[in-house]
Amino acid sequence: MDVAVKMIEKDITASSERSDRFLREVMMLSRVEHDNLVKFIGAEVEPELVIVTELMRGDSLQNYLRNMRPCRPELRQIISFALDVSQGMECIHSNGIIHRDLKPANHFLFKLLLTEDCMKLKLAGIGMAREKEAGEMMTCEASTYKWMAPESYSKEPLERGRKKHYDQKVDVYSFSLVFWELLTNSTRRECPACRQHLR
């Protein structure tokens, strides 16, 4: 079978932290299984840290939308994609996991991927995800500002690794922005208070 392989470079200076992050990601991936999540197949620790998942032959949601501009997907397809994302989110949330980085794509690892026929979306890239435990503090600014919920960042300068209280609602906020992009096929948002475009 064809698979996707994510290789994590070993860094001697941060080997313990990187190994912990790798182990946490593998444990979370092995616990969740859903039709709207990229399927976890296995992991390897030697000679490199490797995560193996199903190969998504479609494009990222970001590229899919960019390639059809200025047009938008049909409303039926938009609703279908939104349901795919929300059902994948429901699965990880019911397992106590917060994605924290939900968006059409970023420069290094796509988060929302399409099947080969471009009819279904699956969530990927839970490397930034965290398990939510009662009262636990979470690292600030773990995502991209454009899709980040206000409670997960601060207007004041933050110390490295500073933590705040937030929960699965940060994913719901990010989902609403993804849904807005699906509906408008635009990356520009207008501030309702001042009617100026936000980038």
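Guide: Happy to! Angles under 35 degrees count as roughly parallel, over 145 as roughly antiparallel, 65 to 115 as roughly perpendicular and the rest as oblique. This is a predicted model, where local features need pLDDT of at least 70, side-chain atom pairs count only at pLDDT 80 or more, and totals for chains, interfaces and linings use all residues. Residues are numbered from 1 along each chain as its sequence is written, and side-chain values use heavy atoms, with hydrogens and water left out.

Now to the pair: the axes of helix α3 (residues 75–94) and helix α4 (residues 169–184) cross at roughly 165° and come within 10 Å. Helices here are DSSP runs (H or I, at least four residues), and strands are too (E, at least two), numbered from the N terminus. Axes are lines fitted to C-alpha atoms, for helices over the stretch in contact, with angles from 0 to 180 degrees between N-to-C directions. The two helices are therefore roughly antiparallel to each other. On the α3 side, the contact (heavy atoms within 4.5 Å) is made by residues including L75, I78, F81 and V85, and α4 brings, among them, V172, F175 and F179. By class, this contact has 12 nonpolar, 2 polar and 1 charged residues; Ala, Val, Leu, Ile, Met, Phe, Trp, Tyr, Cys and Pro count as nonpolar, Asp, Glu, Lys and Arg as charged, and the others, Gly among them, as polar.
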